[in-house]
Amino acid sequence: MRTTTVGNLRILLPDLDPDDLDSTSDLSDDLSDAAVAGASRRGAALDGIRVRSSRITGVDLSESAWETGTLFGCEITGTDFSGATLSGVAIERCAVTGCRFTGTGLTDIRLKDVLFEGCRFDYATFIRVTAAGAVAFVDCILTDATWSSCRLPDTVLRSCQLARLELEACQLHGADLRGNSLHDLKTSLGNLHGVTVDEDQLPDITHLAVTELNLTVQRR
């Protein structure tokens with residue numbers, strides 16, 4: 001069993017042996033113990049596909065539509081999901097590295113033991129995305145993204161770009177936001193109820209409070 005720790009969060013990760021994986025370029029059917037590299041499924045419909053214990057590298061899934069289905073125990077690297085729509089997909093025990101989700105729509109996604117590292121989520125939309133277990137975003141770009149009605153308690157965001165990230169009716173209690181600039185978040189303070197921040201972020205929180213309350217701050 002392979003694990004990693006981000007902040008105080010311990011995440012279970014896939015432990016794949018390349019010798020156990022069968023090479024394929026087909027992502028149109030259920031996969032198990034497969035290695036998919038360099039394939040293109042741009043604009044494809046991937047309804048109900050289940051992928052288990054597999055490695056996906058450099059695949060073009062941009063503009064695709066993936067409804068229901070699962071990703072379990074997978075390593076996903078350098079894959080392009082930009083402009084795709086993912087709905088009702090369960091993602092568990094996965095390491096997602098260097099992938100592009102620019103403008104991606106993620107709706108009713110269930111996450112458990114998932115590490116996103118070095119991924120782009122700029123202009124992406126998260127709707128009712130739920131963390132059922134450990135989830136972390138490390139060195140990710142989330143600028144101009146929107147999180148709406150998401151339940152992501154105890155999630156860790158570390159060294160991420162959050163400029164103009166919009167939070168709407170989210171539950172982030174216990175989330176660890178240390179190590180990120182919060183100055184340009186587009187959110188009410190209620191969305192940050194119960195999160196963990198560090199002392200260096202207190203001016204950002206003050207700025208959000210002044211903006212939300214429409215305070216006038218004057219010198220004596």
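**Ground rules.** I am working with a predicted model, where local features need pLDDT of at least 70, side-chain atom pairs count only at pLDDT 80 or more, and totals for chains, interfaces and linings use all residues. Numbering starts from 1 along each chain as its sequence is written, and side-chain values use heavy atoms, with hydrogens and water left out.

**Entry 1: S12.** I looked up what pairs with S12, residues 90-97. Strands here are DSSP runs of E, at least two residues, and helices are runs of H or I, at least four, numbered from the N terminus. Two strands pair if DSSP finds at least two bridges between them.

- S9 (residues 70-72) runs parallel to S12, joined by three bridges; Thr-70 has Ala-90 as its bridge partner.
- S10 (residues 75-77) also pairs with S12 in the parallel sense, over three bridges, and Thr-77 sits opposite Thr-97.
- S14 (residues 110-117) pairs with S12 in the parallel sense over seven bridges. Thr-97 turns up again here, opposite Glu-117.

**Entry 2: Asn-191.** I found Asn-191 in the loop between strand S20 (166-168) and helix H1 (202-212). Is Asn-191 buried or exposed? It counts as buried because its relative accessibility is 6%; the cut-offs are under 20% relative accessible area for buried, over 50% for exposed and partly exposed in between (1.4 Å probe, protein chains only).

I then checked the neighbours. Contact means heavy atoms within 4.5 Å. Leaving aside residues up to four places away in sequence, Asn-191 touches Leu-167, Glu-168, Ala-169, Cys-170 and Leu-172. Its side chain reaches the backbone nitrogen of Cys-170 at 2.8 Å, and a polar atom of that side chain lies 3.1 Å from the backbone oxygen of Leu-167.

Conventions: Polar contact = N/O pair within 3.5 Å; in protein donor to acceptor, adjacent residues only side chain to side chain.
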